[in-house]
Amino acid sequence: MELSLQLTNAKNLLIAGQAYSEIPDVLAYEDIRHQWDRGYETMLSRAIESDSYGPVHTEIVDYPKSEISVRPLARFSARDRIIYDALVFRLAGEVDRQINRSVHSSRWNHSRGIPIFWYVSWKRMRRLALRTLRVNPALRMASVDVSSFYEHIDVDILGDDLACVIENQGYTRSLHDFLKRFQSINHAWGLPQGPDSSGILANLYLAPVDAFLARNRLRFLRYSDDMMIFHHDWTALRDVVVEVNSLLRSRRLSIASNKTLIREPEEALTHVHDVRRASIQHMVDTGFPEASSDVRNYFDEIVKTGTADGGGIRFAINRLAKLRDDHAISWCLENLEFLPHATKEVFAYLASAKSRSSEVQRELTRFMERSESSSYPFIEQRILRYFLSLDIKSERMKESAWKILEDRNREDFSREFAGRYIGRAASVAEAQLLRHRFEEEPSVTMRRSLLASLYESGYLSHRYLNEVEASLSQLTWVCRFLRSEPLIPSP
């Protein structure tokens with residue numbers, strides 16, 4: 001019963017998290033939801049009980065952190081993601097009990113058996129940091145960051161940590177085996193980035209650092225590898241940072257020197273609490289008449305610096321979207337290629353600008369027709385999702401979607417949405433071509449997507465579904481889902 005509950009919680013969080021996912025599923029995992037009580041959960045339970053739980057298919061996707069830099073996200077299949085989360089969830093309670101109360105990332109809700117939503121914990125940490133600095137205005141603050149933290153976590157050391165914490169060694173061994181297999185079949189190492197459950201394990205990996213700071217009675221706050229350490233004396237803080245660096249090295253980690261510094265009291269307060277942003281947020285929340293003007297001025301100031309400051313741009317665009325102010329629409333459309341790290345915010349903003357929808361659609365279509373669009377798969381995916389969600393059928397967009405679908409050098413996550421867009425607006429001849437693409441496609445994830453595209457095109461008979469299910473066991477669940485003649489949700 002315990003495993004069943006953990007699998008169900010993992011499934012529910014996976015589906016609910018689509019609104020926040022960097023790489024949402026093309027079917028929003030509707031096939032998994034539909035088939036869960038029809039054998040899918042039983043299949044996962046048997047896989048774990050028979051030690052057949054290693055990741056079967058994983059993509060490592062370069063997710064933008066800025067205009068240039070990226071981080072490797074692990075894109076698991078639904079099966080592998082739910083199994084990984086469940087393996088972590090069944091020991092997460094014991095792990096969380098070992099974590100210092102000054103740590104706010106990936107905390108565990110013991111009564112509900114799920115992780116606490118990240119934004120709640122992050123906001124609480126910022127409030128505590130602000131209170132700490134205001135109560136004692138003489139405090140300096142050391143900001144410490146770890147270089148490529150998740151990638152450099154040694155899963156063997158982590159396995160030793162878990163073995164000391166978890167009474168059931170079978171649970172520890174299962175999770176350790178999963179992580180070792182994850183590394184052995186991918187160009188990846190460390191913990192998988194993307195799943196929230198990795199954050200629970202990451203907390204345990206840094207527990208020795210927390211213990212050192214607590215034993216020395218230092219005030220500190222930590223969110224994942226982002227640490228804030230408080231002390232009035234600069235030299236004392238510098239010594240602490242040196243010792244933390246030594247502890248990190250013993251765990252195969254190193255400090256990110258470009259992000260680690262000691263801030264003077266006034267600078268620390270500004271870093272934790274941006275008075276300008278707080279004032280703007282208050283005006284937006286209370287409906288103050290001058291809110292639009294202030295947000296516009298803030299946005300213009302950021303743009304004039306010549307750098308697309310990620311945090312500032314996202315903050316301004318989100319507030320403009322809330323105010324239904326189209327001030328930044330043209331700028332966003334002209335600078336899409338410089339904003340891959342802010343696509344979620346940019347496209348939510350574009351969708352909110354109803355009065356500019358014709359211009360938005362025209363410029364997004366032009367972007368897709370440019371040859372360099374292939375360098376920005378996350379933007380391509382967002383554009384396709386925009387047109388799909390608004391049910392906009394465009395021959396020019398469909399032509400761009402065909403080019404993406406037929407190019408196997410492109411990322412699967414953009415090809416999947418391209419196939420679905422074509423399916424929504426396919427002629428009979430195009431539907432026949434989609435079937436040809438399905439039969440040629442080597443990727444199971446792409447075949448799943450194309451099968452749904454064929455269904456939406458109206459060119460998917462029950463006879464053909466039966467043939468596919470008999471021939472490709474990995475597509476059993478989506479075949480059974482489509483046989484129920486569902487309405488697949490828009491992205």
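Is Arg263 buried or exposed? Arg263 is buried, because its relative accessible area is 11%, under the 20% cut-off. The model described here is predicted.

**Salt bridges**

Side chains of opposite charge can pair when their charged atoms come close. A search of the whole structure finds 43 salt bridges. Three of them are set out below.

| Pair | N to O distance |
|---|---|
| Arg448 and Asp25 | 2.8 Å |
| Arg263 and Glu267 | 3.7 Å |
| Glu363 and Arg362 | 3.8 Å |

Take the pair formed by Arg448 and Asp25. Arg448 sits in helix H22, and Asp25 sits in the loop between helix H1 (2-16) and helix H2 (30-35), so their bridge ties together parts that are 423 residues apart in sequence. Both Arg448 and Asp25 are buried.

Arg263 bridges to Glu267. Arg263 is buried, whereas Glu267 is partly exposed at 40% relative accessibility.

Glu363 and Arg362 also pair through their side chains. Glu363 is partly exposed, with 25% relative accessibility. Arg362 is partly exposed too, at 38%. Elsewhere, salt bridges with shared partners link Asp391, Lys393, Arg420, Arg424 and Glu456 into one network.

**Helix H20**

Helix H20 covers residues 412-424. Its 13 residues should span 18 Å at 1.5 Å a residue, and the end C-alpha atoms are 18 Å apart, so the two values agree. The helix is mostly covered, with twelve of its 13 residues buried. Among the buried residues are Asp412, Phe413, Arg415, Phe417, Arg420 and Tyr421. What do the buried residues of H20 pack against? Their partners include two strands, S1 (58-64) and S2 (70-76). They also pack against helices H18 (377-389), H19 (395-406), H21 (428-440) and H22 (444-457). Helix H22 also holds Arg448.

**A buried serine**

Ser105 belongs to the loop between helix H4 (78-97) and strand S3 (108-109). Ser105 counts as buried because its relative accessibility is 3%. Which residues does Ser105 contact, leaving aside neighbours within four places in sequence? They are Asn203, Arg222, Tyr223 and Ser224. A polar atom of the Ser105 side chain lies 2.7 Å from the backbone nitrogen of Ser224.

How values were computed:
Residues numbered from 1 in each chain as written. Predicted model: local features only at pLDDT ≥ 70, side-chain atom pairs only at ≥ 80, totals over all residues. Heavy atoms only, no water. Helix = DSSP H or I, 4+ residues; strand = E, 2+ residues; numbered from the N terminus. Buried < 20%, exposed > 50% of the residue type's maximum accessible area, 1.4 Å probe, protein only. Polar contact = N/O pair within 3.5 Å; in protein donor to acceptor, adjacent residues only side chain to side chain. Contact = heavy atoms within 4.5 Å. Expected span 1.5 Å × (residues − 1). Salt bridge = Lys/Arg side-chain N within 4 Å of Asp/Glu carboxyl O.
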